[in-house]
Amino acid sequence: MINVTKPFLPPISEYNEYLKGIWERNWLTNNGPLVNELELKLKDYLLLDHLLYLTNGTIAIQIAIKALKLTGEIITTPFSYIATTSSVIWEGCIPVFADIDPDTLNIDPKSIEERITNRTSAILATHVYGNPCNIELIDEIAKKYNLKVIYDAAHAFGVKYKGRSIFEYGDISTTSFHATKVFHTVEGGAVISKDPELIRIMSKMRNFGHSGPESFELVGINGKNSEFHAAMGLVNLTYIDRIIASRKQQALQYNKTLATLNVKKQFILEVTEWNYSYYPIIFETEALLLKCMKELNDNWIFPRRYFYPSLSNLEFVTNYETPICNDFCKRVLCLPMYYTLSTEEIDFISRILLRSQNN
Ligand SMILES: *Cc1c(COP(=O)(O)O)cnc(C)c1O
């Protein structure tokens with residue numbers, strides 16, 4: 001069976017080395033030494049001033065919304081994983097959907113501006129498949145209307161935009177280190193900000209609001225992560241360059257083997273150093289997508305429709321017209337891509353796709 005992704009696992013002996021230390025110290029969670037080491041190494045690798053390691057990427061978005069004290073309406077993208085939208089609602093705010101750009105599949109700044117009301121407090125945009133949003137325009141709009149910006153950068157580990165980590169942009173960037181992501185710690189996530197005061201507040205928030213053993217500065221939550229998760233991150237970080245390089249090779253192979261497949265690709269800006277976190281293809285029609293998917297499934301290959309359905313069509317949100325997203329989300333399919341996927345398997349997947357196109 002070939003799934004859309006398979007979590008990376010390092011040699012077990014390398015993880016065991018860290019376990020020995022955990023057993024010796026008997027320090028399992030609560031800002032332990034491995035959590036601290038992981039935060040330092042991540043900041044070092046990504047060239048960031050501040051980063052807080054959290055339970056997961058969803059709590060990261062929720063803490064970001066809380067820390068920025070957002071209320072009312074948050075303009076967001078309908079083309080993302082559900083956590084982007086559900087976090088807004090969970091925090092008592094209203095998701096307002098802007099449409100997406102048909103080339104980049106990211107939120108369309110023009111559409112953002114059309115959805116601004118006097119209740120809008122922020123923009124929450126996803127760098128879809130790690131492809132950077134139109135950061136300059138979003139920043140301009142945010143300044144013009146005095147809005148905060150959060151980037152859901154769950155797909156964007158290691159992505160550089162104009163030479164800098166994509167995590168540096170927005171008031172706060174959030175990311176996920178879930179097992180299915182390019183870099184993972186089994187479960188995990190982070191918030192990144194250049195504002196030391198926001199970082200200070202969020203570091204309190206992730207630890208119940210504690211300011212001392214018997215004092216509490218604010219209402220917090222349990223957003224901490226454990227030594228076991230940090231250990232996985234520390235080992236996986238030593239493989240990240242190899243992981244991204246192998247994904248690049250796989251993407252180049254797909255580009256070649258699928259050259260005659262009648263699909264469109266997501267447009268990635270030249271100034272981007274991408275992480276190849278997904279391999280999306282855009283079919284001409286949903287019928288074609290379904291036909292190819294069935295053929296793949298019959299051969300025990302399971303690509304995924306990231307992201308379907310459009311979040312603007314969920315039952316618990318206010319409906320906003322997002323015709324471009326409604327159309328594209330029916331036609332995008334993400335093909336399998338993971339560290340141990342072989343060139344033969346990519347050839348096999350490609351042959352099936354080409355064959356079903358011609359049938
Ligand atoms: C994976 C993902 C999340 C959620 O991250 P978790 O760590 O699983 O909570 C949020 N947004 C997007 C776009 C994602 O892909």
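**Peptide bonds, phi angles and the ligand site**

Trainee: In which loop does P309 lie?
Mentor: This is a predicted model, so the placement is that of a prediction. Within it, P309 is found in the loop that runs between β15 and α11.

Trainee: What is the omega of the peptide bond that joins Y308 and P309?
Mentor: P309 belongs to the loop between β15 and α11. The bond from Y308 into P309 is a cis peptide bond, and its omega is about 0°.

Trainee: The peptide bond from Y306 to F307 also needs a value; what is its omega?
Mentor: F307 has its place in the loop between β15, residues 301–302, and α11, residues 323–328. The peptide bond that reaches F307 from Y306 is cis, with omega near 5°.

Trainee: K69 is not a glycine, yet its phi is positive; what is the value?
Mentor: K69 is placed in the loop that connects α3, residues 57–67, with β3, residues 73–76. Although K69 is not a glycine, its phi comes out positive, at about 55°.

Trainee: Is K69 buried or exposed?
Mentor: Residues count as exposed when the relative accessible area is over 50%. K69 has a relative accessible area of 68%, and therefore this residue is classed as exposed.

Trainee: Turning to the ligand, how many residues surround it?
Mentor: The closest residues around the ligand are G57, T58, D152, S176 and K181. By class, the shell divides into three nonpolar, 10 polar and two charged residues. The number of residues that surround the ligand is 15.

Trainee: How much of the exposed area of the ligand does the protein bury?
Mentor: Oxygen atoms of the ligand lie 2.7 Å from a polar backbone atom of G57, 2.7 Å from a polar side-chain atom of S176 and 3.0 Å from an N or O atom in the side chain of K181. Taken alone, the ligand exposes 380 Å², and the share of this area that the protein buries is 91%.

Trainee: Which elements give two or more residues to the shell around the ligand?
Mentor: The ligand sits in the largest pocket. The elements that contribute two or more residues to the shell around the ligand are α3 and, at residues 82–90, α4.

Trainee: How far apart in space are M205 and G223, C-alpha to C-alpha?
Mentor: M205 has its place in helix α7, residues 196–205, and with a relative accessible area of 9% this residue is buried. M205 and G223 are 18 residues apart in sequence, while their C-alpha to C-alpha separation in space is 7.5 Å.

Trainee: What is the length of the polar contact that joins the side chains of E73 and T117?
Mentor: E73 lies in strand β3, where its relative accessible area of 7% makes it a buried residue. The side chain of E73 is joined to that of T117 by a polar contact of 2.8 Å.

Definitions and conventions
Residues are numbered from 1 along each chain as its sequence is written. This is a predicted model: local features need pLDDT of at least 70, side-chain atom pairs count only at pLDDT 80 or more; totals for chains, interfaces and linings use all residues. Side-chain values use heavy atoms; hydrogens and water are left out. Helices (H or I, at least four residues) and strands (E, at least two) are DSSP runs, numbered from the N terminus. Buried means under 20% relative accessible area, exposed over 50%, partly exposed in between (1.4 Å probe, protein chains only). A residue is near a molecule or strand if one of its heavy atoms lies within 4 Å of it. A polar contact is a pair of N or O atoms within 3.5 Å; within protein, one must be able to donate a hydrogen and the other to accept it, and residues adjacent in sequence count only if both atoms are side-chain atoms. Accessible areas come from the Shrake-Rupley method with a 1.4 Å probe; for residues, only the protein chains shown count as cover. On a 1 Å grid over the protein atoms alone, a cavity is a set of points where a 1.4 Å probe fits but cannot get out, and a pocket is an open set with protein on both sides within 12 Å along at least five of seven lines; lining residues have an atom within 4 Å of a point. A molecule sits in a cavity or pocket if more than half of its atoms lie within 2 Å of its grid points. Ala, Val, Leu, Ile, Met, Phe, Trp, Tyr, Cys and Pro count as nonpolar, Asp, Glu, Lys and Arg as charged, and the others, Gly among them, as polar.
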